[in-house]
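Reader: I would like to learn how to read domains and interfaces in a model like this one. Please take the features in turn.

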Number of protein chains: 2
Amino acid sequence: MAKKEHKVRLLGTWRSRFVHRVRLALKLKGIEYEYIEEDLKNKSPLLLESNPVYKKVPVLIHGNNVVSESMVILEYIDETWSENPLMPQDPYDRAITRFWSKFIDDKCLAPIRTVLLTDGEEQEKAMKEAKEALKTLERGLKGKFFGGEVIGFVDIAASCLSIWSEVLGEVIGTKFIDSEKLPHLHSWIEEFTSIDLVKESFPPYDKLFASYKALREDHLAAKFSQN
Amino acid sequence: MAKKEHKVRLLGTWRSRFVHRVRLALKLKGIEYEYIEEDLKNKSPLLLESNPVYKKVPVLIHGNNVVSESMVILEYIDETWSENPLMPQDPYDRAITRFWSKFIDDKCLAPIRTVLLTDGEEQEKAMKEAKEALKTLERGLKGKFFGGEVIGFVDIAASCLSIWSEVLGEVIGTKFIDSEKLPHLHSWIEEFTSIDLVKESFPPYDKLFASYKALREDHLAAKFSQN
């Protein structure tokens with residue numbers, strides 16, 4: 001069993017929205033850790049050993065404990081380091097928190113990624129799905145943040161939507177979350193991204209933009225070369 | 001905030017593997033509840049109001065608390081009624097529990113369903129995926145049960161694979177989990193389904209078989225009528 005004071009390492013890639021969730025949670029908790037950047041085109045033996053099932057980042061290594069899957073890591077962090085709790089205490093509030101976090105993963109992120117990587121009919125279909133999912137997600141916002149007056153677990157899960165939805169939208173020349181159609185989510189992004197600690201946790205916008213633009217171009221080029 | 005003694009109702013359908021998870025958890029905990037059978041072709045106003053996001057079963061209603069999504073419901077039940085805990089206590093064991101439960105939902109159930117509802121190339125591809133996922137799942141079995149010597153959270157999550165994998169396999173004339181290729185999972189099914197309390201919680205095998213056979217025939221007929 002790892003103790004709180006055991007060394008914490010995080011395997012990640014700078015661009016990943018899922019890795020960012022974990023970095024933000026560690027920052028909010030004030031946990032020191034060693035960050036190890038992975039090259040996903042040439043995965044390290046440490047990554048392959050630590051996450052043999054998915055071979056993906058993020059992976060948190062805490063003493064001998066190895067945890068993968070960003071949402072599972074967030075709960076592990078919250079249960080291991082109890083300071084600045086991310087999850088509410090009441091079982092029903094916790095259920096609602098898990099419901100919306102799962103909704104973000106299951107319904108919001110995949111169509112946004114598809115919009116980025118496709119065009120034509122496939123892109124239009126995914127865009128419709130993304131917009132419907134984001135409209136539904138607005139219902140989960142009951143205050144300034146998903147967590148109420150302070151940011152909590154769902155806000156960290158939704159950090160994947162904050163600057164990433166802006167960057168990905170800019171790459172394809174659209175807005176996933178605009179102030180008219182999704183006013184609450186739009187305000188949430190403004191509030192969330194203006195918190196210093198959150199702001200400092202993001203990769204640089206321009207670097208993200210260039211990287212996702214290249215990713216889109218590579219995908220479309222690969223698609224056309226297959227046709 | 002609902003109290004433990006508040007009335008518990010469960011909206012479900014008899015055939016659903018996801019509803020079964022919740023019924024089994026309630027049974028293991030010794031929680032009395034009213035079961036309300038839903039007709040998914042004619043959903044009740046209570047279902048539509050209680051789960052406006054997905055409009056699906058299971059939905060657990062406990063006093064004024066309404067919880068949907070079977071894995072979220074399981075955690076709610078475990079946190080509200082602490083007797084016979086389903087989750088382990090240690091944060092790392094809990095992380096491993098959540099990892100495998102999520103793996104079952106994300107990787108095992110969908111391809112098995114696709115195998116049931118398709119044929120030809122699509123079915124073959126899904127069968128390959130299902131078998132790979134089940135082989136990986138075997139790694140999560142460290143003892144007689146996923147929970148060790150007694151059944152726990154992952155066993156309940158995996159109940160979706162127990163008699164359902166047998167029934168669905170029989171409908172299409174195959175075995176998803178055979179004793180040679182997946183010896184540990186196969187033993188797990190034998191051990192798990194021989195526990196009286198578990199055995200009693202399953203819908204009748206013949207009724208399940210007839211129902212999934214009809215579901216497959218309906219799907220294939222609809223596919224051919226579209227061609």
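Author: Start with the salt bridge: a side-chain nitrogen of Lys or Arg within 4 Å of a carboxyl oxygen of Asp or Glu. Side chains of opposite charge can pair when their charged atoms come close. Between domain 1 of chain A and domain 2 of chain A the count is 3 salt bridges. In one salt bridge, E200(A) pairs with K27(A), and the closest N and O atoms are 3.5 Å apart.

Reader: What should I know about the model and its numbering?

Author: This is a predicted model: local features need pLDDT of at least 70, side-chain atom pairs count only at pLDDT 80 or more, and totals for chains, interfaces and linings use all residues. Residues are numbered from 1 along each chain as its sequence is written, chains are lettered from A and ligands numbered from 1 in the order in which they are written, and side-chain values use heavy atoms, with hydrogens and water left out.

Reader: Into which domains is chain A divided?

Author: Domain bounds come from an automatic or database domain assignment. Here, domain 1 of chain A is 8-80 and domain 2 is 91-222. Their C-alpha centres lie 21 Å apart. Contact means heavy atoms within 4.5 Å. By that rule, 15 residues from domain 1 of chain A and 27 residues from domain 2 of chain A take part.

Reader: How do I read the area buried between domain 1 of chain A and domain 2 of chain A?

Author: Buried area is the accessible area (1.4 Å probe) that two parts lose on being put together, summed over both. For these two domains the value is about 2,100 Å², and carbon and sulfur atoms give 65% of this area. Three residues stand out on the domain 1 side. W14(A), R15(A) and R17(A) supply 37% of the area that domain 1 of chain A buries against domain 2 of chain A, more than any other three residues.

Reader: How many residue pairs are in polar contact across the interface of domain 1 of chain A and domain 2 of chain A?

Author: A polar contact is a pair of N or O atoms within 3.5 Å; within protein, one must be able to donate a hydrogen and the other to accept it, and residues adjacent in sequence count only if both atoms are side-chain atoms. Across this interface the rule finds 8 residue pairs, both residues at pLDDT 80 or more.

Reader: Which elements give two or more residues to the side of domain 1 of chain A that touches domain 2 of chain A?

Author: Helices (H or I, at least four residues) and strands (E, at least two) are DSSP runs, numbered from the N terminus. The elements in question are α1 (17-29) and α3 (70-80) of chain A. The largest share, 8 residues, comes from α1(A). For classes, Ala, Val, Leu, Ile, Met, Phe, Trp, Tyr, Cys and Pro count as nonpolar, Asp, Glu, Lys and Arg as charged, and the others, Gly among them, as polar. By class, this side of domain 1 of chain A has 7 nonpolar, 2 polar and 6 charged residues.

Reader: Now the chains. How many residues of chain A are in contact with chain B?

Author: In chain A, 29 residues are in contact with 29 residues of chain B. The two chains bury about 2,600 Å² between them, with 63% from carbon and sulfur atoms. The count between chain A and chain B is 8 salt bridges. In one of these, E75(B) pairs with R98(A), with the closest N and O atoms 3.3 Å apart. On the side of chain A that touches chain B, β4 (65-68), α3 and α4 (91-117) of chain A each give two or more residues. α4(A) gives the most, with 12 residues. By class, that side of chain A has 15 nonpolar, 4 polar and 10 charged residues.

Reader: Which backbone features deserve a look?

Author: Most residues other than glycine have a negative phi, and most peptide bonds are trans. In chain A, a cis peptide bond joins V57(A) and P58(A), with omega about 0°. P58(A) sits in the loop between α2 (45-50) and β3 (59-62) of chain A. In chain B, the peptide bond from V57(B) to P58(B) is cis, with omega near 0°. E69(A) is not a glycine, yet has a positive phi of about 80°. E69(A) lies in the loop between β4 and α3 of chain A.
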